[in-house]
Amino acid sequence: MAAANGSSDLYSEMEVDAFRRLFPLRYHEQHLLKFVRPDARKLGNARDTTLALGAVASADGSALAKIGSTTMLAAIKMEVMTPTVECPDEGSIAIEFHMPPICSPLVRPGRPAEAASVISKQLSDAIFSSGMIDLKELCLVGGKAAWMAYLDIYCLDADGSLFDAALLSAVAAFSHLNIPVVSLNEDGRMVLVSEDNVQLKLEKQPVNTEKRKLKLNSPPFSLTCLLHKNYILADPTAEEESIMETAVTVVLDSSYQLVSLYKPGGPVHAHTSVIQDCVALAKRRVKELKSVLNEVISDMEVE
Amino acid sequence: MEYVNPEGLRLDGRRPMEMRQLRAEIGVVSRADGSASFEMGNTKVIAAVYGPREVQNRSQQMNDQALVRCEYSMANFSTGDRRRKTKGDRRSTEISLVIRQTMEACILTHLMPRSQIDIYVQVLQADGGTRSACINAATLALADAGIPMRDLVTSCSAGYLNSTPLLDLNYLEDSAGGADVTVGILPKLDKVTLLQMDAKLPMDIFENVMQLAVEGCKAVESHIREILLENAQTLVIRQGYGS
């Protein structure tokens with residue numbers, strides 16, 4: 001009893017920052033009692049989200065996504081390849097997620113972070129299973145040539161909800177993608193046609209006559225929630241993620257159909273009702289993200 | 001190929017003695033102890049500094065000075081053709097070493113014994129002069145992290161094409177096969193810490209080219225100082241000591 005009293009005295013005398021570092025769980029629970037979070041957000045609210053298209057000039061399509069201070073830079077480079085025998089009229093997409101050591105003090109150089117490969121896999125699963133991209137559209141000459149889209153996503157600042165930010169930047173990069181103009185040369189090989197010699201292109205066999213956009217069917221968006229006791233915290237920061245370990249990621253497409261649901265273990269067992277709450281939060285979030293994306297796209301078109 | 005046209009303009013419209021536009025920002029990575037992005041025209045790099053922190057590998061710990069480590073990596077989409085495996089190849093290892101030695105020379109390592117300082121630089125867009133841009137970004141990031149330094153190291157490159165010395169080469173000029181002199185200086189002490197050149201060049205021309213690069217470094221330095229001062233002022237205002 002005396003010991004308990006002693007520690008409560010310790011709590012009251014301590015400075016806020018020290019308390020936050022020494023007793024992170026208690027610190028957060030104190031906030032949760034009042035239904036706010038240390039950064040003054042409500043439990044179900046996500047952080048400010050911004051998007052910028054065309055952030056990388058050397059890529060065919062690119063986007064920079066920021067959720068709070070979590071920053072993702074996604075860029076797509078297109079290359080011509082020979083399609084596989086199984087799907088001769090389909091292109092292909094390779095998705096890679098990188099966490100360079102600049103992004104977080106936890107990532108050490110040398111071997112890649114474990115989280116990076118997990119998120120790579122999740123991203124390609126979400127993008128392929130949502131059916132956002134028709135791979136047939138990436139075909140150039142059936143059986144001979146098709147596009148290979150290399151999507152590289154770099155995490156520049158890791159402050160929680162990495163998957164959400166990565167997916168957002170990936171979708172935005174695809175919507176910014178301009179498929180370059182190519183033509184067949186004399187040897188029957190594909191050559192890129194630069195913008196200066198469009199006339200020249202017309203004399204040769206144009207395969208892809210003009211720069212075109214990829215059609216995106218109902219792109220997916222996601223929201224990660226943390227479960228802690230009876231609380232649901234949407235869009236957690238890295239600090240929250242390190243303290244409360246049960247996360248649920250909900251991926252919905254633009255028509256609010258469920259694409260994937262991911263709960264990688266954790267100490268809290270989620271009831272069906274909790275999952276439903278998470279999905280409801282995700283729905284609200286997807287609406288927000290859709291308007292953010294549409295806004296930057298329409299801004300681009302005006303320019 | 002003609003790299004300087006008869007009117008005296010370069011491929012990208014600059015004059016021979018003209019630098020590309022510089023742009024810098026401090027504090028771009030929230031969780032790093034210090035960070036900065038640096039742009040020289042289309043070359044764009046980002047640097048983050050972690051430390052001084054505990055030495056990760058005890059056998060590398062030094063009792064009289066800090067251990068400085070550096071890693072340079074290029075994003076897959078940073079160059080014209082997408083390339084894979086841009087980490088740990090010979091070129092990156094060499095540049096990592098160059099940056100580490102240059103920065104180590106100006107950090108007061110003896111003030112932080114038994115600790116480690118990590119400098120990570122990531123190239124987001126490459127258009128020649130990544131080496132210089134990385135050094136400039138690293139300097140800003142170290143200053144942002146509050147790590148004691150002798151001076152602000154700055155770097156710039158210069159070359160010699162069509163019998164004209166050119167300042168701050170871009171990728172096209174860099175790959176033309178002429179001389180490429182990368183210089184890093186400590187501007188206040190007026191000393192050269194880094195000098196790399198890989199081509200044949202007569203002695204008197206080399207001196208001219210190097211002098212040009214040094215002038216470039218000084219221009220970078222005044223820009224970096226401005227950025228740091230601006231950043232310090234905003235910090236002061238945020239802390240409430242202003243007005």
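Hi everyone, let's start with one strand: 10 of the 12 residues of β3(B) are buried, so β3(B) is largely enclosed by the rest of the structure. Here a residue is called buried if 20 or more other C-beta atoms lie within 10 Å of its own, exposed if 12 or fewer, and partly exposed in between, with C-beta atoms placed from the backbone. Helices (H or I, at least four residues) and strands (E, at least two) are DSSP runs, numbered from the N terminus.

Some housekeeping before we go on. This is a predicted model, where local features need pLDDT of at least 70 and side-chain atom pairs count only at pLDDT 80 or more, while totals for chains, interfaces and linings use all residues. Residues are numbered from 1 along each chain as its sequence is written, and chains are lettered from A and ligands numbered from 1 in the order in which they are written.

Back to our strand. What does β3(B) pair with? One partner is β2(B), residues 34-40, in the antiparallel sense over 7 bridges; two strands count as paired if DSSP finds at least two bridges between them. Within that pairing, Glu39(B) has Lys44(B) as its bridge partner in β3(B). The two strands make a hairpin with 2 residues between them, and in the turn Gly41(B) has a positive phi of about 60°. Another partner is β5(B), which runs antiparallel to β3(B) and is joined to it by 9 bridges. There, Arg53(B) stands opposite Gln116(B). One more detail to look for: the peptide bond from Gly51(B) to Pro52(B) is cis, with omega near 0°, and Pro52(B) sits in β3(B).

Now let's step back to the whole of chain B. It has 4 helices and 9 strands, and along the sequence they follow the pattern β-β-β-β-α-β-α-β-β-α-β-β-α. The radius of gyration of chain B is 18 Å, close to the 18 Å that the globule rule gives for 243 residues, so chain B is as compact as a globular protein of that length. That radius is taken over C-alpha atoms, and the rule is 2.2 Å times the number of residues to the power 0.38. Along its principal axes, the C-alpha trace of chain B spans about 55 × 50 × 35 Å. Buried residues make up 48% of chain B.

In α2(B), 15 of the 15 residues are buried. At 1.5 Å a residue, those 15 residues should span 21 Å, and the end C-alpha atoms are 21 Å apart, which agrees. The expected span is 1.5 Å times one less than the number of residues. Just after α2(B), Gly146(B) takes a positive phi of about 75°.

Helix α4(B) covers residues 203-239 and reaches 53 Å from its first C-alpha to its last, close to the 54 Å expected. Its buried residues include Val209(B), Leu212(B), Glu221(B) and Ile224(B). What do the buried residues of α4(B) pack against? They pack against β1, α2, β6, β7 and β8 of chain B. Just after α4(B) comes Gly240(B), with a positive phi of about 85°.

So where do the two chains meet? The contact takes 22 residues from chain B and 25 residues from chain A; two residues are in contact if their C-beta atoms, placed from the backbone, lie within 7 Å. On chain B's side, β3, β4 and β5 each supply at least two residues, and β5(B) gives the most, with 4 residues.

Let's finish with chain A. Its secondary structure comes to 8 helices and 15 strands, and buried residues make up 39% of its 303 residues. Lys229(A) has a positive phi near 50° and is in the loop between β12 and β13 of chain A. With 9 C-beta neighbours inside 10 Å, Lys229(A) counts as exposed. Tyr256(A) has a positive phi near 65° and lies in the loop between β14 and β15 of chain A. Is Tyr256(A) exposed, partly exposed or buried? With 14 C-beta neighbours inside 10 Å, Tyr256(A) counts as partly exposed.
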